[in-house]
Amino acid sequence: SNPRNNETGVAIKPESLYAMTDKVVMDTMDDFHARRNLTFYRHLWGTHNEPWLYPQSMDNMIKQWHSIEKVWDFMEEYSRNHSKSYSQVGLFRSDVLYLDHVHLFDSQAAIPKFASCPSNDRMFYGTYTNAKFWARTRFSNIPQAYQDGYLDEGLHSEFYMNEVLLPQMTVPAEKKDICFLRVRATGHVSTDDCSRLIGRRFRRKRESLREW
């Protein structure tokens, strides 16, 4: 849980994921710390990170990146063990409420249009190659990004995605009018996440969200 989201002391129940699928991979905190040196990433704090809560926000971003990379590797292992291959891949958060359909095969590289600060980092779908780049190269690109000066104002997920990762994909990323709302550990739904973009469509669904 995250104090910045008013979640101090709120219990998280990761086992609830099994209600959606049995294809789940999890790490212990010991496993995570064995792979990621949080002290190193905290030194990359800068002006881009000022609205965040130090060091928790940086730590949580690295945990998120670690999880994305971990689930990609899990998918790859599953594909090898079951002789499957993927041409199109989507990476979606499990802690959100989707208000729109996602047409997985309509783009080679797609991200949400809302919360473009400067690029939304909460979802991706596209070709296998581009999805792998989005999921698997965040950590490996840091040394070159640092050397090129992209991290002078801090390691911030949305800026890093916009300035370092997206320009290296095979095609420019399309910003899709897809809305989803973050659901906090308290059960609170962040109904302001994309209200400015979807206007009437959001207002029509507001009552159902309140009931939810």
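Is Cys 117 buried, partly exposed or exposed? Cys 117 counts as partly exposed, because its relative accessibility is 48%. The cut-offs behind these words are as follows: buried means under 20% relative accessible area, exposed means over 50%, and partly exposed lies in between (1.4 Å probe, protein chains only).

This is a predicted model, in which local features need pLDDT of at least 70 and side-chain atom pairs count only at pLDDT 80 or more, while totals for chains, interfaces and linings use all residues. Residues are numbered from 1 along each chain as its sequence is written, and side-chain values use heavy atoms, with hydrogens and water left out.

The protein contains seven helices and six strands. Both are DSSP runs numbered from the N terminus: helices are H or I with at least four residues, and strands are E with at least two. Along the sequence, their order is α-α-α-β-β-β-β-α-α-α-β-β-α. Of the 212 residues, 40% are buried. The protein exposes about 12,300 Å², and carbon and sulfur atoms supply 49% of this area. Accessible areas come from the Shrake-Rupley method with a 1.4 Å probe; for residues, only the protein chains shown count as cover.

A contact means heavy atoms within 4.5 Å. Among contacts between residues at least 6 apart in sequence, 64% join residues at least 24 apart. Leu 17 sits in the segment before α1 (29-35) and is partly exposed, with a relative accessible area of 25%. Leaving aside residues up to four places away in sequence, Leu 17 touches Val 24, Met 26 and Ser 94. The C-alpha atoms of Leu 17 and Asp 95 are 9.7 Å apart, although 78 residues separate the two along the chain.

Next comes helix α6 (residues 157-165). Its buried residues are Ser 157, Glu 158, Tyr 160, Met 161, Val 164 and Leu 165. An α-helix has 3.6 residues a turn, so residues three or four places apart point the same way. The buried residues of α6 pack against α3 (56-81), α4 (128-136) and α5 (142-147).

Aromatic rings are another topic. Rings of Phe, Tyr and Trp (its six-membered ring) pair if their centres lie within 6.5 Å; planes under 30 degrees apart count as stacked, over 60 as edge-to-face and the rest as tilted. By this rule there are eleven aromatic pairs. In one of them, the rings of Phe 124 and Trp 134 have centres 5.7 Å apart and planes at 20°, so the pair is stacked. Phe 124 belongs to strand β4 (residues 123-127) and Trp 134 to helix α4, so the pair ties together parts that are ten residues apart in sequence. Both Phe 124 and Trp 134 are buried. Ring pairs also link Phe 40, Tyr 41, Trp 65, Phe 139 and Tyr 160 into a cluster.

Two arginines lie over ring faces. A charge sits over a ring if NZ of Lys or CZ of Arg is within 6 Å of the ring centre and within 35 degrees of the ring normal. Arg 36 lies over the face of Phe 139, 3.8 Å from the ring centre, and Arg 138 over that of Trp 134, at 4.3 Å.

Finally, there is one disulfide, meaning a pair of cysteine sulfur atoms within 2.5 Å. The disulfide joins Cys 179 to Cys 194, with 1.9 Å from S to S. Cys 179 is in the loop between β5 (174-176) and β6 (180-182), and Cys 194 is in the loop between β6 and α7 (195-211), so the pair ties together parts that are 15 residues apart in sequence. Cys 179 counts as buried because its relative accessibility is 0%, and Cys 194 counts as buried at 2%.
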